[in-house]
Amino acid sequence: MDRAEIGVGLVGYRFMGRAHSNAYRQVARFFDVDPVPRMVALCGRNEAAVRDAARRLGWEGYETNYERLLEREDVQLIDISSAGDTHCEFAVAALEAGKHVLCEKPLANSLDEARRMVEAARRAGTVNMVCHNYRRVPAVRLAKRLVKEGRLGEIRHWRAVYLQDWLLDPEAPLTWRLRRETGGAGPLADLGSHLVDLAHYLVGPIAEVIGTAETFVRERPLPSGDRTGEVTVNEAAAFLARFENGAIGTFEVSPLVPGRKAHEYFEINGSRGSIAFDLERMNELQVYFEDEGPYTGGFRRILVTEPEHPYMEGWWPPGHTIGYEHTFVHTVKDLLDGIRAGESPAPTFEDGLRCQAVIDAVERSLGERGWVSTGRNPVSGETVAGL
C-alpha cells in the first residue's frame with residue numbers, strides 16, 4: 001500500500017537529537033504509519049559537527065540556519081530538540097510558517113514563553129506535541145488503564161522521584177542546563193517536568209504546591225576548563241502537592257544522588273490497590289489489589305511484554321524486553337497518527353503549559369515560603385490545570 005511522506009527537519013544533534021533521529025529511522029519499519037517520515041535535514045550551528053551528525057544519523061542533508069530550514073518546502077514537520085532557551089523562538093516561528101511541531105520537554109523556560117507557544121499553536125491550527133516520552137512506556141500505559149478502570153479505587157497518594165548522579169562530581173562542567181538564562185528552572189524543570197506530566201496523566205491536575213530547593217555546588221568549571229562559573233539554578237528540589245481530585249503528592253528531583261542513574265520512580269495508592277513503576281526496570285509494573293486477599297497479598301510483578309500491551313505488537317515475542325529508545329519510536333508513531341487525523345496527540349502544548357504552571361508555582365513557593373496555587377491561564381482565564 002502506498003503511503004504518503006512527510007519531510008522532517010530536526011533541530012539539535014546531541015543526546016535528544018540522536019534519540020529522535022533513531023525514532024524517525026525506525027518507526028515505519030515496525031509500525032504501520034501514514035505518513036512515513038522522510039529525514040530531510042538536520043539543523044545545527046556548527047557546520048562541521050552537524051554535517052558529520054547528519055551523515056551518521058541518517059539525514060539527507062543539513063542546515064546551519066534555522067530560518068532556512070523553515071523556508072524549505074520539503075519540510076512539513078519541525079522537531080525541536082535543542083536547548084530550552086530556544087524552544088519558544090523556534091516553535092513560534094515554525095508554527096507561523098505553517099509547520100507541525102514536536103518540541104522536547106520542558107516546553108519552555110518560563111510560563112510566559114509557554115503561553116506564547118500555546119497562543120501560536122492555536123493560531124496555526126497545525127499539529128503540536130511535547131515529547132514527554134515516558135507516557136509511551138508500555139508499563140506506564142498499563143498503569144493508566146488500571147487507574148482509568150477503577151482498579152485502584154479512589155486515588156489518594158502519589159509519590160515520585162527522579163534521581164541521577166551525573167552532577168555528583170563537583171568538577172562536572174557548567175553546562176547550559178545549570179544556567180538560568182538557558183536552563184530555566186534547572187533540574188526542577190529538566191527532571192521534574194517528567195514527573196509532573198506523569199502525575200497529570202495518571203492522577204489529574206495539580207491545584208497547589210509548596211517546595212524547597214538547594215544548590216550544593218555553587219561554582220563549576222566552564223567547558224573550556226580554564227576558569228569556573230556560577231551555578232544559577234537550584235540543583236535539587238522537592239515539593240508537596242495537592243491534586244484537584246483530593247489526592248496528595250510528593251515529588252523530588254536531584255542529579256547529585258550517588259548510585260542513582262535514571263531512577264524515575266512513581267507509586268500511586270488508592271482505596272483498593274497500588275501500583276509502582278521504576279524506569280530502571282521499565283518493562284515491569286508492580287501491582288497490588290486489596291481484593292486478592294490477605295494470604296496472597298503484597299506487590300507482584302507484571303512483565304509488560306505481551307502483544308496485548310500498548311505498542312508491544314510492533315516489537316518482539318513475549319518476554320523480550322524493549323528499551324529507552326523505543327519510547328521515542330512510540331512518540332513519533334503517535335505524532336504521525338495525529339498528523340494523519342489532524343489532531344494534536346497528548347501531551348499537547350496546552351499540556352506543556354499546565355506542566356510549566358506547576359514548575360512556576362513551585363518556584364514562587366520557594367520565595368513565598370508557603371503554599372502556592374498553580375494559577376489561572378492568562379489565555380483563557382480558566383485555571384491552567386483545567387484548560
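Predicted model: local features only at pLDDT ≥ 70, side-chain atom pairs only at ≥ 80, totals over all residues.
Let's start with serine 81, which sits in the loop between strand E4 (77–80) and helix H4 (87–96). Its relative accessible area is 11%, and under 20% counts as buried, so serine 81 is a buried residue.

Two polar contacts involve its side chain. One, at 2.9 Å, goes to the side chain of aspartate 79; another, at 3.3 Å, goes to the side chain of histidine 20. Setting aside residues up to four places away in sequence, serine 81 touches Leu10, Val11, Gly12, Met16, Gly17, His20 and Glu104. For a sense of scale, take arginine 151: it is 70 residues from serine 81 in sequence, and the two C-alpha atoms are 37 Å apart in space.

## Helices H1 and H10

Histidine 20 turns up again here, as one of the H1 residues that meet H10. Helix H1 covers residues 15–30 and helix H10 covers residues 324–341; their axes are 8 Å apart and the packing angle is about 60 degrees. That angle makes the pair oblique, and the crossing is right-handed.

On the H1 side, the contact uses Phe15, Met16, Ala19, His20, Asn22, Ala23, Tyr24, Gln26 and Val27. H10 brings Tyr324, Glu325, Phe328, Val329, Val332, Lys333, Leu335 and Leu336. Sorted by class, that gives 12 nonpolar, 3 polar and 2 charged residues.

## Helices H5 and H11

Next up is the pairing of H5 (residues 111–124) with H11 (residues 349–368), whose axes come within 9 Å and cross at roughly 170 degrees. Angles over 145 degrees count as roughly antiparallel, so that is the label for H5 and H11. Their crossing is left-handed.

From H5, the residues involved are Leu111, Ala114, Arg115, Met117, Val118, Ala121 and Arg122. They meet Phe349, Glu350, Leu353, Gln356, Ala357 and Asp360 of H11. The class count for this contact is 8 nonpolar, 1 polar and 4 charged residues.

## Histidine 132

Is histidine 132 buried or exposed? With a relative accessibility of 3%, it counts as buried.

Ignoring neighbours within four places in sequence, histidine 132 is in contact with Lys105, Ser193, His194, Asp197 and Pro347.

Methods
Residues numbered from 1 in each chain as written. Heavy atoms only, no water. Axes fitted to C-alpha atoms, helices over the stretch in contact; angles between N-to-C directions. Helix = DSSP H or I, 4+ residues; strand = E, 2+ residues; numbered from the N terminus. Parallel < 35°, antiparallel > 145°, perpendicular 65-115°, else oblique. Left-handed = near helix turned anticlockwise from the far one by under 90°. Contact = heavy atoms within 4.5 Å. Nonpolar A, V, L, I, M, F, W, Y, C, P; charged D, E, K, R; others polar. Buried < 20%, exposed > 50% of the residue type's maximum accessible area, 1.4 Å probe, protein only. Polar contact = N/O pair within 3.5 Å; in protein donor to acceptor, adjacent residues only side chain to side chain.
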